[in-house]
Amino acid sequence: MTQIVVGEKQVPIRGILFDKDGTLLQFISLWGKWAEMVLDELEQELRLEGAELPEGPGYLLGVCLDEQRKVTAHDRFGPLAMGSPAQMIGIAAYYLYRAGLPWNDASRRATEVFERANEMVLEKANILPVSGVAEFLEQCHAQGLKLAVVTADDKRPSEQHLVKMGLRHYFESVVGDDCVEHGKPYPDMVALACQEIGLEPHETVVIGDSVGDMEMGRSAGCALQIFIDEEGRFETAPESADVMIRSYKELRIEA
């Protein structure tokens, strides 16, 4: 059986489940521009009601802004990194509700803000893959591994992001938060992805850049949880991870 080798660990596998944002694509290359669009549009909606964004508006989504309101970094434990689209829409809707809108109108207008940002970001953002990921996916493909994406984003935009990077053809399954009853850190995404690629969780490993990814894989019974920290922001691996890497060059696929 094919093995994945990382450090001193050698684990037999038949498939790999990848998170998307921060694992397959460079997080800020997509979500930085997206967050700027959402905050700008949300501010316009609030001004229609005579209100303003709170001081330090990046906190709403879990991003850091410079003086020009450009995203410079994100909180790996924040809503943009770990939350679902529905959860972030709820945050935006709450601020519209506080401005005096009925909840149904606040929810509708927040949803429209997010949908416009989803469409515009495909045209305006330069979505970049994580360094070395294309080469690693090619190695996996050559060894006959079955690959899937398990992401807190929704399925349709996730597939669009993968297409734009030229990576969609590597994956037999793309499971988004909108495909399951319970998103990360629950095991539902792993269960559905494994069903769609014809494997059991214990035959797969999870690669992701958040604690939610690691907890999801562990709760589902995956063989190995690999935490990728390309930015070098963690000194040690999260407790729920089995191993931490800084680059895909640290992984080998062997027959």
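Okay, quick definition to start: when I say a residue is buried, I mean it has under 20% relative accessible area. Keep in mind that what we have here is a predicted model. By that cut-off, 52% of the 255 residues in the chain are buried.

So, the overall build. We've got eight helices and eleven strands. Along the principal axes, the C-alpha trace spans about 65 × 35 × 35 Å. If you take the contacts with a separation of 6 or more, 62% of them are between residues 24 or more positions apart.

The accessible surface is about 11,700 Å², and carbon and sulfur atoms hold 47% of that.

On to the rings. Searching the whole structure turns up nine aromatic pairs. One of them is Phe18 with Phe171, edge-to-face, 5.9 Å centre to centre and 80 degrees between the planes. Phe18 sits in strand β3 and Phe171 in the loop between α6 and β7, so this pair ties together parts 153 residues apart in sequence. Both of those phenylalanines, Phe18 and Phe171, are buried. They also belong to a cluster, where ring pairs link Phe18, Phe136, Phe171 and Tyr248.

And one more pair: Tyr94 and Tyr95 have ring centres 5.4 Å apart and planes at 80 degrees, so that's edge-to-face. Tyr94 is partly exposed, at 41% relative accessible area.

Terms used: Residues numbered from 1 in each chain as written. Predicted model: local features only at pLDDT ≥ 70, side-chain atom pairs only at ≥ 80, totals over all residues. Heavy atoms only, no water. Helix = DSSP H or I, 4+ residues; strand = E, 2+ residues; numbered from the N terminus. Buried < 20%, exposed > 50% of the residue type's maximum accessible area, 1.4 Å probe, protein only. Contact = heavy atoms within 4.5 Å. Areas by Shrake-Rupley, 256 points an atom, 1.4 Å probe, with all protein chains shown as cover. Phe/Tyr/Trp six-rings, centres within 6.5 Å; stacked < 30°, edge-to-face > 60°.
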